[in-house]
Amino acid sequence: MIPYGRQEITESDIQEVINVLRSDFLTQGSVVPKFERAVADYSGALHGIAVNSATSALHIACMALNIGPGDEVWTSPNTFLATANSARYCGAKLDFVDIDPQTYNMSPDALARKLERADAANQLPKLVIPVHFAGQSCEMREIKNLSERYGFYIIEDASHAIGATYMGERVGSCKYSDITVFSFHPVKIITTGEGGMAVTNNTNMASKMERLRSHGVTKDESLMDRSSDGQWYYQQIDLGFNYRLTDIQAALGLSQLGRINTYVQQRKEIANYYQEHLIDMPLGLPFQSINTNSSWHLFPIQVKNKMERRRVFEGMRAADIGVNVHYIPVHLQPYYRHLGHNIGDFPESEAYYESEISLPIYPTLQKSQQDYVIKTLKGLLK
Ligand SMILES: *Cc1c(COP(=O)(O)O)cnc(C)c1O
């Protein structure tokens, strides 16, 4: 089976992991801080907080912004469940902003219209979480302008987009947001097995996230309510979790990070090859804004309609090609429907979903395999 995405693990990745296994610290050693520094430096942010998944990173990012019951959080329906769930963990009310049918990202126009209505009703969101779908950045300048006008925080869900750029700057610079979150799941751009990171330029948010990752505990005396009893002393000042990444995982991530630009380039070449060879087919191909340089986590195509999607999907799977669908709109999940969302609420994301198929794209996809994917797809579309 040719999967839709997969990791590449090299001998030097394996060696770096073995080095940690032979060392004194499997967790809470020196490799996690090194990985945090390297990812923050790479993306152009001041601080990085490594955690055991992007889901955890989204959760502590929401908590660092004091999201709680009574607050509204808005995101895109075209995302993985975890984006929306992170705000629900904090008890916030979740709502969505429909996508732009060209980029499949949160539409800045739809956001502006919804904010205008929310302002009139005195129900503005406290936080908006744009998702850089498939690796292409959202129009962050427009979203940032709206945040200044209406006063909401921004967390970028860049689970797909480490290595991408927007207006010439790396996604993760946090120039247009408070916090950016990356995922290191094996299908994403670089991997730690499971893992994620929150990056930020805000020192207070960084230290709060660092505490929340590890039980809400601090050893910083300036944060304690009384003087320390001694070097062993710590205080719990928030309700935190064990969301730590291990040094074993961080070693893999650090080693992978050394190849990130090559990975993004390889993904881009695969995407270009699909674009060239599918241009004459009756398909919707992923439009790229001139402001962005995608990291190409996914290659989403759109076929004619729902029936065609089922037929083509099943045909591809029968030919041992592991196509997938990204995403079932989150507001249509039973959990969110029970919270009041319904079919028809976000028609662009619903129409997009009905006809979408994600083709295989990952650095080790061979040209012959890609030719086979294209040939199979063309055969099915005839
Ligand atoms: C993968 C993904 C997540 C969750 O990442 P994990 O590291 O698996 O927790 C969140 N948001 C988006 C958009 C994702 O693709």
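Which pocket is the space taken by the ligand? The largest one. A pocket here is an open set of points on a 1 Å grid over the protein atoms alone, with protein on both sides within 12 Å along at least five of seven lines. A molecule sits in a pocket if more than half of its atoms lie within 2 Å of its grid points.

Some ground rules. This is a predicted model, where local features need pLDDT of at least 70, side-chain atom pairs count only at pLDDT 80 or more, and totals for chains, interfaces and linings use all residues. Residues are numbered from 1 along each chain as its sequence is written, and side-chain values use heavy atoms, with hydrogens and water left out.

Now the shell. There are 15 residues around the ligand, and T55, D157, H160, S183 and K188 come nearest. Being near means having a heavy atom within 4 Å. By class, the shell has five nonpolar, eight polar and two charged residues. Asp, Glu, Lys and Arg count as charged; Gly goes with the polar group. Helices are DSSP runs of H or I, at least four residues; strands are runs of E, at least two.

Next, polar contacts: pairs of N or O atoms within 3.5 Å. D157 puts a polar side-chain atom 2.8 Å from a ligand nitrogen. The side chain of S183 has an N or O atom 2.8 Å from a ligand oxygen. A54 uses a backbone N or O atom, 2.9 Å from an oxygen of the ligand. On its own, the ligand has 380 Å² of accessible area, and the protein covers 92% of that. Areas are Shrake-Rupley, with a 1.4 Å probe.

On to a sheet. It is open, three strands, ordered β8-β7-β13, with antiparallel pairing. Pairing takes at least two DSSP bridges. Two bridges join β7 (residues 165-166) to β13. T165 has N293 as its bridge partner.

Last, the backbone. Most residues other than glycine have a negative phi, and most peptide bonds are trans. Y104 has a positive phi, near 65°. Y104 lies in the loop between β4 (93-96) and α5 (108-120). The peptide bond from H326 to Y327 is cis, omega near -5°. Y327 is in the loop between β15 (321-322) and α11 (334-338).

Note on methods. A polar contact is a pair of N or O atoms within 3.5 Å; within protein, one must be able to donate a hydrogen and the other to accept it, and residues adjacent in sequence count only if both atoms are side-chain atoms. On a 1 Å grid over the protein atoms alone, a cavity is a set of points where a 1.4 Å probe fits but cannot get out, and a pocket is an open set with protein on both sides within 12 Å along at least five of seven lines; lining residues have an atom within 4 Å of a point.
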